[in-house]
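Please open the model in your viewer and keep the sequence panel beside it. The stops below say what to select and what is to be found there.

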Amino acid sequence: MGVYNVHERLLAAEGSDVGALVDSLSGGAADRLWPHPNWPAMEFDRPLAVGATGGHGPVRYTVTAYVPGTWVRFAFSGPRGFDGFHEFAVLPVDGGRTVLRHTLAMRVSGPARLTWPAAYRWMHDACLEDGLDRAELACTGTVARPARWTRYVRLLRALAR
């Protein structure tokens, strides 16, 4: 089964400012993009660079491409059955607006044929929207339409505890 999932937010910010958010990905206190207060932190074995390995929660990956301030791609190594990548891209629109886009593209096999549509997809979508809220807050000081977790996401999170 093929999965193609895109989340993006138009931000009132320069591309360099949005790129700095992507460059901060680490899960640590300096990470201004990943929604680590509410989701498992993104962690790596070294600073963000090609070859860094890590992930968040049960999702594991390796940085396979990185253009500072512009783009980072992660290839999945877990969970079993996730074969593909996810990435963040900074897409300047004009002098004061930039799109921050997250793309996930993968084929799922084995147990992931069930776990992706039943659980991971819903958690992924909620986590990414929370991250885009963090980006908007960092760039503008406010969030126009904050993401809301569905009842199903709240249930999945309770079951995961």
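Begin with P79, which sits in the loop between β5 and β6, where helices (H or I, at least four residues) and strands (E, at least two) are DSSP runs numbered from the N terminus. For background, most residues other than glycine have a negative phi, and most peptide bonds are trans.

Before moving on, note that this is a predicted model, in which local features need pLDDT of at least 70 and side-chain atom pairs count only at pLDDT 80 or more, while totals for chains, interfaces and linings use all residues. Residues are numbered from 1 along each chain as its sequence is written, and side-chain values use heavy atoms, with hydrogens and water left out.

**The nonpolar core**

Next, select L25, V72, F74, F88 and L100, which touch the most other members of the largest nonpolar core, a set of 38 residues. A nonpolar core is here a set of buried Ala, Val, Leu, Ile, Met, Phe, Trp, Tyr and Cys residues joined through side-chain atoms within 4.5 Å; buried means under 20% relative accessible area, exposed over 50%, and partly exposed in between, with a 1.4 Å probe and protein chains only. At least two residues of this core come from each of β1 (2-11), α1 (15-23), β4 (59-67), β5 (71-78), β6 (82-94), β7 (97-108), α2 (112-140) and α3 (151-160). Which element gives the most to this core? That element is α2, with eight residues.

Center on V72 and show its surroundings: if residues up to four places away in sequence are not counted, V72 touches V22, L25, L48, V63, A65, Y66, H86, E87 and F88, contact meaning heavy atoms within 4.5 Å.

**L33 and A135**

Move to L33, in the loop between α1 and β2 (43-44), which is buried, with a relative accessible area of 2%. Leaving aside neighbours within four places in sequence, L33 is in contact with L21, V22, S24, L25, F88, L100, G131, R134 and A135. A C-alpha to C-alpha line drawn from L33 to G131 spans 5.6 Å, although these two residues are 98 residues apart in sequence.

From there select A135, in helix α2, whose relative accessible area of 0% makes this residue buried. With neighbours within four places in sequence again left aside, the contacts of A135 are L11, L21, L33 and L100. The C-alpha atoms of A135 and G110 are separated by 34 Å, the two residues being 25 residues apart along the chain.

**Buried polar side chains**

Now show the side chain of H102, in strand β7, which is buried, with a relative accessible area of 1%. A polar contact of 2.9 Å joins the side chains of H102 and H86; such a contact is a pair of N or O atoms within 3.5 Å, of which, within protein, one must be able to donate a hydrogen and the other to accept it, and residues adjacent in sequence count only if both atoms are side-chain atoms. Beyond its neighbours within four places in sequence, H102 is in contact with N5, V6, H7, H86, E87, F88, H124 and L128.

Follow that list to N5, in strand β1, which at 11% relative accessibility counts as buried. The side chain of N5 makes polar contacts with the side chain of H7 at 3.1 Å and with the side chain of D125 at 3.0 Å.

**Two helices**

Finally, display α2 and α3 as cartoons: their axes come within 10 Å and cross at roughly 110°, the axes being lines fitted to C-alpha atoms over the stretch in contact, with angles running from 0 to 180 degrees between N-to-C directions. The two helices α2 and α3 are therefore roughly perpendicular to each other, a term for angles of 65 to 115 degrees, with under 35 counting as roughly parallel, over 145 as roughly antiparallel and the rest as oblique. To see the contact itself, select A118, A119, W122, M123 and A126 of α2 with Y152, V153, L156 and R157 of α3.
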